Amino acid sequence: KDGTEIPVNILVPAGTKLDGSNPCLVTGYGGFGVSLTPYQRSTWAVLLRNGFVIAVANLRGGSEMGAEWHEAGRLTHKQNVFDDFDAVLRSMIDHGYTSPEHLAIEGGSNGGLLMGATLVQHPERVRAVVSHVGIYDMLRVELSSNGAFNVVEYGSVKDPEQFAALYAYSPYHHVVEGVAYPAV
């Protein structure tokens with residue numbers, strides 16, 4: 001959204017045509033300085049054998065590009081992570097890897113927050129969302145058992161600027177009645 005280039009590792013089965021008809025799974029994390037180096041999960045072999053394209057996005061908030069990369073995706077800058085992920089999804093669609101009706105996203109914990117934010121900010125972009133142990137109510141997260149740990153990454157509702165940022169992307173607070181959300 002702001003012109004930042006986002007690295008993406010893409011696994012494509014041999015012989016795949018880039019015509020937008022491929023099922024696709026995109027994942028990301030974008031938080032706590034966690035770096036997603038290229039990897040492959042054993043369960044992905046089944047997806048790849050069945051024609052899936054799989055992409056791992058290296059979003060701001062991680063540490064793939066150093067400390068500044070992490071800082072650009074935390075506290076009042078957390079929306080950058082969600083914008084980065086959406087840019088990756090749009091790029092996958094624009095380059096013919098997939099289309100919204102064939103696109104699934106998956107993430108856990110902070111990546112679950114990413115799934116929730118993507119779900120409410122861009123429900124038209126994906127067909128299915130898999131979210132593991134996600135954080136969805138950003139105004140109450142600091143009251144959870146990991147609350148103090150999460151405050152250093154997300155911020156606190158006690159700080160007016162951080163409260164505004166938390167509320168702006170809190171998935172729970174932006175569900176809209178009547179919207180056709182993807183399968184979750």
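# Briefing: aromatic pairs, a helix crossing and selected residues

At 32% relative accessibility, Arg90 counts as partly exposed (buried means under 20% relative accessible area, exposed over 50%, and partly exposed in between, with a 1.4 Å probe and protein chains only). Arg90 is found in helix H3, and helices here (H or I, at least four residues), like strands (E, at least two), are DSSP runs numbered from the N terminus. Please keep in mind that this is a predicted model, in which local features need pLDDT of at least 70 and side-chain atom pairs count only at pLDDT 80 or more, while totals for chains, interfaces and linings use all residues. Residues are numbered from 1 along each chain as its sequence is written, and side-chain values use heavy atoms, with hydrogens and water left out.

**Aromatic pairs**

- The structure holds 3 aromatic pairs; rings of Phe, Tyr and Trp (its six-membered ring) pair if their centres lie within 6.5 Å, and planes under 30 degrees apart count as stacked, over 60 as edge-to-face and the rest as tilted.
- One of these is the stacked pair of Phe32 and Phe149, with 5.1 Å centre to centre and 5° between the planes.
- Because Phe32 sits in the loop between strand S2 (24–28) and helix H1 (44–49) while Phe149 belongs to helix H5 (residues 147–154), this pair ties together parts that are 117 residues apart in sequence.
- Phe32 is partly exposed at a relative accessible area of 21%, whereas Phe149 is exposed at 53%.
- Phe82 and Tyr169 make a tilted aromatic pair, with 5.0 Å between centres and 55° between the planes.
- Phe82 lies in helix H3 (residues 79–94) and Tyr169 in helix H6 (residues 160–169), so their pair ties together parts that are 87 residues apart in sequence.
- Both Phe82 and Tyr169 are buried.

**Where H3 meets H4**

- The axes of H3 and helix H4 (residues 110–121) come within 10 Å and cross at roughly 70°; axes are lines fitted to C-alpha atoms, for helices over the stretch in contact, and angles run from 0 to 180 degrees between N-to-C directions.
- H3 and H4 are therefore roughly perpendicular to each other (angles of 65 to 115 degrees count as such, under 35 as roughly parallel, over 145 as roughly antiparallel and the rest as oblique).
- H3 passes H4 in a right-handed crossing, a term for a near helix turned clockwise from the far one by less than a right angle, with anticlockwise giving left-handed.
- On the H3 side, the contact is made by Gln79, Val81, Phe82, Phe85 and Leu89; on the H4 side, by Leu113, Leu114, Met115, Ala117, Thr118 and Gln121. Contact means heavy atoms within 4.5 Å.
- By class, this contact of H3 with H4 has 8 nonpolar, 3 polar and no charged residues, where Ala, Val, Leu, Ile, Met, Phe, Trp, Tyr, Cys and Pro count as nonpolar, Asp, Glu, Lys and Arg as charged, and the others, Gly among them, as polar.

**Positive phi angles**

- Most residues other than glycine have a negative phi.
- Phe32, in the loop between S2 and H1, has a positive phi of about 55° although it is not a glycine.
- Leu75, found in the loop between helix H2 (67–71) and H3, has a positive phi of about 50° and is not a glycine either.

**Selected residues and their surroundings**

- Thr27 lies in strand S2 and is buried, with a relative accessible area of 6%.
- Setting aside residues up to four places away in sequence, Thr27 touches Tyr39, Trp44, Ala55, Val56, Ala57, Phe85, Glu106 and Gly107.
- Thr27 and Asn58 are 31 residues apart along the chain, and their C-alpha atoms are separated by 9.2 Å.
- His122, in the loop between H4 and strand S5 (128–132), is buried with a relative accessible area of 18%.
- Beyond its neighbours within four places in sequence, His122 is in contact with Asp86 and Ala117.
- Leu18 has its place in the loop between strand S1 (8–11) and S2, and is partly exposed with a relative accessible area of 45%.
- Leu18 touches His95, Gly96 and Tyr97, not counting residues up to four places away in sequence.
- Arg90 and Pro100 are 10 residues apart in sequence and 9.0 Å apart in space, C-alpha to C-alpha.
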